[in-house]
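The sequence and the coordinates are shown first.

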Amino acid sequence: VRELARFLAGLLERGIASVVTLNGGWAPSPLRRWPSRLYRLLAEKADRVIVHQAEGALKLLRDHGVAAERIAVIPHGTWTGDEAARANAPEAADGKVVLFAGNIFRRKGLHVVLRAFPEVVRQVPRARLLVVGNERANNLLDRLYLLWLHARMRRGSREGWLLRRRGYVSDAEFLGCIAGAAAAVFPYLRRYGSASGVFHHVLAAGRPAVCSAVPTFAEATAAWGGPLPELIVPPGDAGAWSRSLARVLSDDALRERAAAASSELGLRSSWAEVARMHLRLYRGLPLAAAR
């Protein structure tokens, strides 16, 4: 933090405008004081702090004491063009595959879907859960969680409904996983604002996305919560996840509406539009002579 403060102060002294982007943030806590110091420092030394959501991230910074005029809300971008086209292929014909992708740790909520899936398979026998991603083991809590998680994954492997692709995968393989999925799941448990790159890949591919009702997916809640309530699920509620996934997998018309909703949200957050928002922000920053 001290090195960052010196760097931003040096830019300020030289009349160079600076912008800092936060992918996520920590909520205020009496036990964790460094976030407030960091966020206030960024707002003091940088011209603007960019966050990706109005709900969650913007409110979080204001709760830390950062003035609203120092904050800009610009969404995470969504891929379009050739990359999106490679992922936008018909779903796999040999089963109703549900994709969970990304780094795996407790707040990603994979264990919630594992608890939910036996009931999904009972209602949709062709349902399969494909888990793709690296298992985070940064500390003792991470490792204990993985031991507990592996014990719960054994049932799915034994019964044949759990498919596992460990570690990082190539872009081509990842896009193929999205293309073959009937839906993707984001059962996050974290309550703070953040952005999910995997979610935006799914939007680009026009695949249904079933999301926890948490700030990370505030845009999805606003866009889909009314017309497609099955796509927004209470975090940690395995029964609700079972009901939503069974409905999405068994209702072709619902999946088509959900796919269209993903595509529409993806267009609104395309990298081209995000680039225009950044340019407008940068052009509005104070000139060096005025500083």
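Just after α8, G206 adopts a positive phi of about 65 degrees. The model is a predicted one. Because eight of the nine residues of α8 are buried, the helix is largely enclosed by the rest of the structure.

## Pockets

Helix α8 (197–205) also takes part in the largest pocket: together with β5 (127–133) and α7 (171–179), each supplying at least two residues, α8 contributes to the lining. That pocket contains about 380 Å³ of space. Its lining comprises 23 residues, and A101, G102, N103, F174 and V198 are those nearest the centre. By residue class, the lining of the largest pocket consists of ten nonpolar, nine polar and four charged residues.

For the second largest pocket, the volume is about 210 Å³. The residues that line this second pocket are F105, R106, R107, R136, N139, L141, D142 and Y145. Its lining divides into three nonpolar residues, one polar residue and four charged residues. Two of the lining residues, F105 and R136, are also in contact with each other: the charged end of R136 sits over the ring of F105, at 4.0 Å from the ring centre.

## Aromatic pairs

A pair of aromatic rings is described by the distance of the centres and the angle of the planes. The model contains nine aromatic pairs. In one of them, the ring centres of Y145 and W148 lie 5.9 Å apart and the planes meet at 40 degrees, so this pair is tilted. Both residues belong to helix α6 (residues 140–159), where they are three residues apart, about one turn of the helix. Y145, which also lines the second largest pocket, is buried at a relative accessible area of 8%. W148 is partly exposed, at 34%.

A further pair joins F186 and Y188; it is edge-to-face, with 6.3 Å from centre to centre and 65 degrees between the planes. F186 is buried, with a relative accessibility of 2%. Y188 is likewise buried, with a relative accessibility of 2%. Ring pairs extend this contact into a cluster made up of F186, Y188, F199, F217 and W224.

| Aromatic pair | Distance between centres | Angle between planes | Arrangement |
|---|---|---|---|
| Y145 and W148 | 5.9 Å | 40 degrees | tilted |
| F186 and Y188 | 6.3 Å | 65 degrees | edge-to-face |

## Cysteines

How many disulfides does the structure hold? The number is zero. C177 takes part in no disulfide, and the nearest cysteine sulfur, belonging to C211, is 18 Å away. Seen from C211, the closest cysteine sulfur is that of C177, and the separation of 18 Å is too far for a bond.

Are these cysteines buried or exposed? C177 counts as buried because its relative accessibility is 13%, under the cut-off of 20%. C211 is buried as well, at a relative accessibility of 0%.

Key
Residues are numbered from 1 along each chain as its sequence is written. This is a predicted model: local features need pLDDT of at least 70, side-chain atom pairs count only at pLDDT 80 or more; totals for chains, interfaces and linings use all residues. Side-chain values use heavy atoms; hydrogens and water are left out. A disulfide is a pair of cysteine sulfur atoms within 2.5 Å. Buried means under 20% relative accessible area, exposed over 50%, partly exposed in between (1.4 Å probe, protein chains only). On a 1 Å grid over the protein atoms alone, a cavity is a set of points where a 1.4 Å probe fits but cannot get out, and a pocket is an open set with protein on both sides within 12 Å along at least five of seven lines; lining residues have an atom within 4 Å of a point. Grid points are joined across faces, edges and corners, and a volume is the space filled by probe spheres set on the points. Helices (H or I, at least four residues) and strands (E, at least two) are DSSP runs, numbered from the N terminus. Ala, Val, Leu, Ile, Met, Phe, Trp, Tyr, Cys and Pro count as nonpolar, Asp, Glu, Lys and Arg as charged, and the others, Gly among them, as polar. Rings of Phe, Tyr and Trp (its six-membered ring) pair if their centres lie within 6.5 Å; planes under 30 degrees apart count as stacked, over 60 as edge-to-face and the rest as tilted. A charge sits over a ring if NZ of Lys or CZ of Arg is within 6 Å of the ring centre and within 35 degrees of the ring normal.
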